[in-house]
Amino acid sequence: MTKRLVFLGPPGVGKGTQAKRVAEEHGIPHISTGDILREEVRQETDLGKQAKSHMDSGGLVPDELVVAMVARRLEQDDCRDGYLLDGFPRTIGQAHAFENEIGGDDDPGVDKVLYFAAPDEVLIRRLGGRRTCPSCQAVYHVETMPPKEDNLCDRCGAELVQREDDQPDAIKQRLRTYRELTEELIGHYRQAGTLVEINSTGSVEQVAELVRRALAT
Ligand code: AMP
């Protein structure tokens, strides 16, 4: 059976953390458009240069750039038996482009959409305390998931950073962007019958258990 999953939800909801684990358990690639775009920015590619200002301000990178980027990624061999899309689609336009390019009339290219939900105050607390490894993309939190050694990545030893878009003003803008452009995808996938809602307020392990159950059926 192919496993084609989409993880949907507001910034800071913890979907990236869950996505890494699920992709590993199911042997499918974890495709995070945010991670791919950050790498493009780091390498100063044409796409990275076009994306940077949108990302830093908490807005979205234009649909056509992101859709082309995801289409290229899905052509790779490791996506044959499934994939986990984390942070894509993020607009109705992206969802339609995805459906038209990947699936046909009867096949939207997605078997299940997990929608992670948590109240704004939880999101703001998680984003504000988040630290990331610029080298291997591991994610920590100053209170709930600190690294073993102060501000150094457990996995590769690099110095952790706070993402530009995890600063207070950008956080507010990202939440606004989510409400304005991404939230309507919930209705879109609910109507398609592929949506499962996950209460993402609890600990990483509690949420992981809800995810396991949702994917077992
Ligand atoms: P994330 O790591 O998923 O929070 O993404 C970081 C930033 O990358 C977002 O705030 C957007 O600027 C950009 N981005 C990631 N995924 C998308 C997407 N599907 N469409 C447009 N912009 C995206």
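Trainee: What should I know before we start?

Mentor: This is a predicted model, in which local features need pLDDT of at least 70, side-chain atom pairs count only at pLDDT 80 or more, and totals for chains, interfaces and linings use all residues. Residues are numbered from 1 along each chain as its sequence is written, and side-chain values use heavy atoms, with hydrogens and water left out.

Trainee: What makes E2, E3, E1, E4 and E7 an open sheet?

Mentor: Let's begin with the terms. Strands (E, at least two residues) and helices (H or I, at least four) are DSSP runs, numbered from the N terminus. Two strands pair if DSSP finds at least two bridges between them. Now the values: E2 and E3 share three bridges, E1 and E3 share five, E1 and E4 share four, and E4 and E7 share five. The order is E2-E3-E1-E4-E7, with parallel pairing.

Trainee: Why are E2 and E7 said to stand at the edges?

Mentor: Strand E2 (30-32) and strand E7 (195-199) each have a single partner strand, so one side of each has no neighbour in the sheet. From one strand to the next, the twist averages 20 degrees.

Trainee: Which residues stand opposite each other in E3?

Mentor: Phe7 faces Asp86, Lys3 has Gly82 as its bridge partner, and Ile31 stands opposite Leu85. Elsewhere in the sheet, Phe7 is bridged to Leu114 in E4, and Ala117 has Asn199 in E7 as its bridge partner.

Trainee: Why is E4 called largely enclosed?

Mentor: Buried means under 20% relative accessible area, exposed means over 50%, and partly exposed is in between (1.4 Å probe, protein chains only). Six of the six residues of E4 are buried, so the rest of the structure largely encloses this strand.

Trainee: How do you know that both faces of E4 are covered?

Mentor: In a regular strand, side chains alternate between the two faces of the sheet. Lys112, Leu114 and Phe116 are buried on one side of E4, and Val113, Tyr115 and Ala117 are buried on the other. Strand E3 is also mostly covered, with five of its five residues buried. Its faces carry Gly82, Leu84 and Asp86 on one side, and Tyr83 and Leu85 on the other.

Trainee: What makes a group of residues a nonpolar core?

Mentor: The term is for a set of buried Ala, Val, Leu, Ile, Met, Phe, Trp, Tyr and Cys residues joined through side-chain atoms within 4.5 Å. The largest one here has 28 residues, and Leu85, Phe98 and Tyr189 have the most contacts inside it. Among the elements giving two or more residues to this core are strand E1 (3-8), helix H4 (63-74) and helix H8 (184-192). H4 provides the largest share, five residues. Another core, of 21 residues, lies apart from it and includes Leu114, Ile171, Ile198 and Val211.

Trainee: Which angle does helix H9 make with E7?

Mentor: Axes are lines fitted to C-alpha atoms, for helices over the stretch in contact (heavy atoms within 4.5 Å). Angles run from 0 to 180 degrees between N-to-C directions. Helix H9 (residues 204-216) lies across E1, E4 and E7, running at about 160 degrees to E7.
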